[in-house]
Amino acid sequence: MSARETPTELFKRSLAQTTRALAGADEEMEVSFGAEGPRLSPGRIVLPHPPRNLSDADAQRIRGQADALALRLAHHDDAKHTRLRPPSADARAVYDAVEEMRIQALGANALKGVAGNLTAALTDQLERKGAAGMTERARAPLAEAVALVVRERLTGLAPPANAKALVDAWRADIERDARAALNK
């Protein structure tokens, strides 16, 4: 750290480097920080600006957002995904959510720190969606519940506490249908 580099600048520089490494990208991939983050576009990852007084929880959440985007770059085939995507809106939502959990499971299973970061980002995302209040099926999106059950099966990580009710609203049916599909 140079004498003039603030802790936030050091965090941003370090995060940009680790994000490129996790993505398997070269130095030409741009990792920037802006109000429109987190977002992935060709050759660029945009992450949210870290707060001036960066807490450990904020740092882990932002690292999780960066890890999710980096893993998407490393392990997702957009052309294949689009080609195999189902036509119905509900099926597409499940398909997309499960693909996101598949991608994240690859990183979470390989690197314990990545698993913690992804969980922090997921917990924050679910909090923003109001998942804790989704106790009834009418309010609990099936795609979210399926994705969280898939994450649990692939990584061994239970759904975040704020999504327990959401998953519980659907778990019995998801597991029943999964068993039926496997027995075909």
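Modeller: Strands here are DSSP runs (E, at least two residues), and helices are H or I runs of at least four, numbered from the N terminus; two strands pair if DSSP finds at least two bridges between them. This is a predicted model, where local features need pLDDT of at least 70, side-chain atom pairs count only at pLDDT 80 or more, and totals for chains, interfaces and linings use all residues. Numbering starts from 1 along each chain as its sequence is written, and side-chain values use heavy atoms, leaving out hydrogens and water.

Colleague: Fine. How many bridges join β1 to β3, and are they parallel or antiparallel?

Modeller: Four bridges, and the two strands run parallel. Val31, for one, has Ile45 in β3 as its bridge partner.

Colleague: And what's the strand order in the sheet?

Modeller: β1-β3-β2, an open sheet of three strands with mixed pairing. β1 and β2 are the edge strands, each pairing on one side only.

Colleague: What's in the loop between β1 and β2?

Modeller: Pro38 lies there, between β1 (30–33) and β2 (39–41). A cis peptide bond joins Gly37 to Pro38, with omega at about 0 degrees.
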